[in-house]
Amino acid sequence: MARQFITGDVELEKTLAKLADKAADRVARSAIGAGLTVMKGAIKKAAPVGKTGMLKKSIGSRFQRASHGKPVVAKAGVNVGKKKKKEVNTKRAPHAHLVALGTKARTRKRLGGKYAYIQDPSPDQLSTGSVTANEFVKFAASSARGRMAAKMKERAAKKLAQEAAKARR
């Protein structure tokens with residue numbers, strides 16, 4: 001089992017150092033999971049609502065345990081999380097990453113289809129436009145940072161009490 005570290009809270013770091021490796025890992029995983037849930041909720045709350053509301057549904061989280069020398073991966077955001085094999089595009093917004101990250105200016109090389117008759121197109125006719133990034137993920141992450149830290153401390157304290165009771169048995 002790989003050792004997991006939570007940095008930033010001196011008290012919690014000292015307490016985790018005193019515990020056995022497996023118990024400390026259980027406490028750390030639980031605390032990280034609680035923080036991840038808070039972050040996911042904040043991003044969902046800040047997400048813009050379009051015609052279908054699918055953008056909010058495409059926000060998820062993923063917690064991957066450390067194994068074989070790989071670090072712990074905890075993510076929350078747009079199009080994150082497990083996708084079901086039978087999932088149809090009605091469950092997630094296929095354009096969610098474009099809304100969150102934006103696109104650079106795009107242009108065609110030539111016109112085709114019903115506009116093929118135009119011999120010398122102007123740059124405006126070749127342009128397909130761009131999408132400006134909606135920074136709701138960044139704003140949600142910065143606003144939820146305090147709540148996330150508090151929830152992680154609360155969960156770590158609860159899990160520490162459980163581990164101490166387990167060690168006494």
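Let's start with the largest pocket. Which residues line the largest pocket? They are Ile-32, Gly-35, Leu-36, Met-39, Val-72, Val-73, Ala-74, Met-148 and Met-152. Keep in mind that this is a predicted model. The volume of this pocket is about 220 Å³. How do we look for such spaces? Rolling a probe the size of a water molecule over the atoms shows where empty space is left.

Now, who supplies the lining? Helix H2, residues 21-46, strand E2, residues 73-78, and H6 each bring at least two residues to it. H2 gives the most, with 4 residues.

Step back to the whole chain. How many helices and strands does the protein chain have? There are 6 helices and 4 strands. Along the sequence, the pattern reads α-α-α-β-β-α-β-α-β-α. The chain has 169 residues, and 28% of them count as buried. It exposes about 12,100 Å², with carbon and sulfur atoms supplying 54% of that area. Next, contacts. Take those between residues at least 6 apart in sequence: 55% of them join residues at least 24 apart.

On to the core. In soluble globular proteins, nonpolar side chains tend to be buried together. Here, the largest nonpolar core has 23 residues. Ile-43, Ile-59, Val-78 and Phe-136 have the most contacts inside it. H2, helix H3 (54-57), H4 and H6 each supply at least two residues of this core. H6 gives the most to this core, with 8 residues.

Pick out Val-78. What does Val-78 touch, not counting residues up to four places away in sequence? The list is Ser-58, Ile-59, Ala-96, His-97, Ala-100, Phe-136 and Val-137.

Most residues other than glycine have a negative phi, and most peptide bonds are trans. Asn-79 is not a glycine, yet its phi is positive, about 55°. Where does Asn-79 lie? It sits in the loop between E2 and helix H4, residues 96-101.

Is Ser-30 buried or exposed? It is buried, because its relative accessible area is 14%, and buried means under 20%. Leave aside its neighbours within four places in sequence, and Ser-30 is in contact with Arg-155 and Lys-159.

Glu-135 is in the loop between strand E4, residues 127-129, and H6. Glu-135 is partly exposed, with a relative accessible area of 36%. Lys-138 is in H6 itself, which covers residues 136-168. Why does Lys-138 count as exposed? Because its relative accessible area is 55%, and exposed means over 50%.

Both residues can be paired with Ala-46. Glu-135 and Ala-46 are 89 residues apart along the chain, but their C-alpha atoms are separated by 9.6 Å. Lys-138 and Ala-46 are 92 residues apart in sequence, and 9.8 Å apart in space, C-alpha to C-alpha. Find Ala-46 at the end of H2, which runs 21-46. Then look across to Lys-138 in H6.

Conventions: Residues are numbered from 1 along each chain as its sequence is written. This is a predicted model: local features need pLDDT of at least 70, side-chain atom pairs count only at pLDDT 80 or more; totals for chains, interfaces and linings use all residues. Side-chain values use heavy atoms; hydrogens and water are left out. Buried means under 20% relative accessible area, exposed over 50%, partly exposed in between (1.4 Å probe, protein chains only). On a 1 Å grid over the protein atoms alone, a cavity is a set of points where a 1.4 Å probe fits but cannot get out, and a pocket is an open set with protein on both sides within 12 Å along at least five of seven lines; lining residues have an atom within 4 Å of a point. Grid points are joined across faces, edges and corners, and a volume is the space filled by probe spheres set on the points. Contact means heavy atoms within 4.5 Å. Accessible areas come from the Shrake-Rupley method with a 1.4 Å probe; for residues, only the protein chains shown count as cover. A nonpolar core is a set of buried Ala, Val, Leu, Ile, Met, Phe, Trp, Tyr and Cys residues joined through side-chain atoms within 4.5 Å.
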